[in-house]
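Please keep the model in view while reading.

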Amino acid sequence: MSMTPDPAASRPARAGARTLAVTSGKGGVGKTFVTANLAAALAARGEKVLVLDADLGLANLDVVLNLHPKLTLHDVFTEKATLEQAILPAPGGFSVLLAGSGMVEYSRLTPEVRDKLLHIIDLVKPRFDWVLLDTGAGISDVVLFAVSLATDVLVVATPEPTSLTDAYATIKVLATQQDRRHVGLVVNQANRTGEGKLICGQLQQVLQRFVGPTPGQPFRLELFGEIKSDQSVRQAVLKRQLMLEHYPGCDAAQSIKALASKLLG
Amino acid sequence: MEHRLPAPPLIDAGTLDLEQALQLLQQAGALLPDERPLSASWLQAVLDALCDLSSKDALTGLVNRRSFEMCLAREVDRVARSGEAALLLMLDIDHFKAVNDTYGHGAGDQVIRAVAGAVAQTVRPMDIVARVGGEEFAIILPNCATHVGLAVAERVRERVSDLNIEIGPGQMLNVSISLGGAFAPQWVRSSPLLWTERADRQLYRAKAEGRNRACLEPQIDSLVSAEEKGMLFASLNLDTQQDLP
């Protein structure tokens with residue numbers, strides 16, 4: 001047994017940020033869009049929020065937010081910058097820690113990268129109310145590791161069959177391998193009102209049948225939000241603007257604000 | 001300058017109450033050491049025998065359930081830290097009850113011993129083979145690449161099915177085993193219980209699919225079966241625009 005204490009070892013709950021991982025299985029379903037706008041909605045409610053680009057291999061939070069960072073997580077890892085220097089203000093009143101393009105070498109986990117990420121999370125947690133982890137697409141070991149760093153998980157899915165299948169696979173892995181008993185679902189690009197509820201119910205049914213409840217610990221998939229297809233979203237994405245800032249009155253913005261309220265309880 | 005720690009106080013062996021320990025060893029059929037009673041080598045041998053008794057299965061000499069659970073917990077920790085792939089195989093002798101019922105429990109014990117020996121000889125010395133129940137065994141394979149997992153399980157299965165087990169003078173018996181396996185989630189601290197459940201689920205699958213076979217948990221990219229997909233989309237009607245109540 002190793003003599004050095006493992007930073008990931010279970011430790012007592014501590015004051016500091018709530019950590020929330022946003023993941024999806026399939027790429028291109030609006031994971032980064034949801035994360036960025038949710039961060040802005042939480043910030044608008046007076047919360048101190050950091051978004052950490054945990055998509056180490058193929059980060060694109062900078063693209064969504066139209067940021068041109070000089071310093072990134074990569075520089076922190078290689079000790080070219082301090083954490084303070086790399087935490088940047090983003091439009092929307094929250095902070096970001098961007099992975100940057102130099103992170104390709106970290107797209108595979110090594111014990112070193114693992115320990116560095118754990119260390120950084122530990123450093124930022126006391127300084128914020130929320131740390132949102134924007135993970136990569138897929139169910140690779142890097143994504144699953146990033147999710148494991150968070151207390152809560154939101155899975156973003158669209159009503160596309162491929163997206164639902166990948167969301168289901170992700171939730172299944174989280175339930176069977178990470179022992180998660182509760183996962184939040186956000187249905188993005190919904191075509192009609194009520195679709196989120198329908199999809200959540202269906203996923204829950206299949207999970208119950210195939211993942212199987214551990215006695216006394218039923219698995220619960222909870223619908224956290226339904227964001228309907230919205231022309232304003234398309235506009236904001238193409239212009240690389242934060243939707244919540246530029247189209248604050250649109251339906252999608254209302255849905256994101258409702259999602260923030262739900263998280264704040 | 002040489003520093004010496006003060007010598008620990010010597011235990012007066014005459015004051016040790018070893019009666020219970022010796023009784024325990026005797027009941028378990030452990031051979032008591034030949035050395036002069038209460039000599040240092042005799043005491044060491046008694047301690048070794050007690051350690052074996054608490055960590056090994058008496059019938060097969062394999063790691064017992066208690067010890068297996070400790071090894072499994074340690075492996076979960078190691079995998080979380082190193083990211084190495086590690087495989088857990090659960091296996092079970094097929095139709096073992098019939099062996100006991102037909103040939104008696106003595107024959108059953110012979111079969112268990114023979115299977116245990118064959119399994120232990122098939123895997124690497126670093127792997128841990130445990131007897132975790134009557135005719136149930138488990139193997140922890142640290143640092144086992146995912147693409148060789150099924151081959152390893154198959155090799156164990158073949159080795160057992162090739163066995164000619166002598167259960168009486170001139171009386172030979174063949175048995176088969178079913179195996180189920182799952183890899184530990186890399187980098188992520190999981191629980192030994194979850195890992196065992198996942199491997200057990202595959203063992204049930206191997207039994208249900210006809211026994212004498214090895215089933216491993218599907219890799220993540222083929223995690224969703226056709227049956228699951230069918231149920232997922234059974235009543236969704238995603239192609240309509242109509243709002244729902």
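Two residues are said to be in contact when heavy atoms lie within 4.5 Å of each other. In this predicted model, 45 residues of chain A are in contact with 33 residues of chain B.

**Interface of chain A and chain B**

- Together, chain A and chain B bury about 3,500 Å², and 60% of this area is on carbon and sulfur atoms.
- Q177(A), R192(A) and Q202(A) supply 20% of the area that chain A buries against chain B, more than any other three residues.
- There are three salt bridges between chain A and chain B.
- R81(B) and D115(A) form a salt bridge, in which the closest N and O atoms are 3.2 Å apart.
- On the side of chain A that touches chain B, the elements giving two or more residues are helix 5 (111-124), helix 6 (141-148), helix 7 (161-177) and helix 8 (195-210).
- That side of chain A has 22 nonpolar, 13 polar and 10 charged residues.

**Second largest pocket**

- The volume of the second largest pocket is about 600 Å³.
- The pocket is lined by 34 residues, of which G28(A), V29(A), G30(A), F33(A) and V237(A) are the closest to its centre.
- Helix 9 of chain A provides the largest share of the lining, six residues.
- By class, the lining divides into 14 nonpolar, 13 polar and seven charged residues.

How values were computed
Residues are numbered from 1 along each chain as its sequence is written. Chains are lettered from A and ligands numbered from 1 in the order in which they are written. This is a predicted model: local features need pLDDT of at least 70, side-chain atom pairs count only at pLDDT 80 or more; totals for chains, interfaces and linings use all residues. Side-chain values use heavy atoms; hydrogens and water are left out. Buried area is the accessible area (1.4 Å probe) that two parts lose on being put together, summed over both. A salt bridge is a side-chain nitrogen of Lys or Arg within 4 Å of a carboxyl oxygen of Asp or Glu. Helices (H or I, at least four residues) and strands (E, at least two) are DSSP runs, numbered from the N terminus. Ala, Val, Leu, Ile, Met, Phe, Trp, Tyr, Cys and Pro count as nonpolar, Asp, Glu, Lys and Arg as charged, and the others, Gly among them, as polar. On a 1 Å grid over the protein atoms alone, a cavity is a set of points where a 1.4 Å probe fits but cannot get out, and a pocket is an open set with protein on both sides within 12 Å along at least five of seven lines; lining residues have an atom within 4 Å of a point. Grid points are joined across faces, edges and corners, and a volume is the space filled by probe spheres set on the points.
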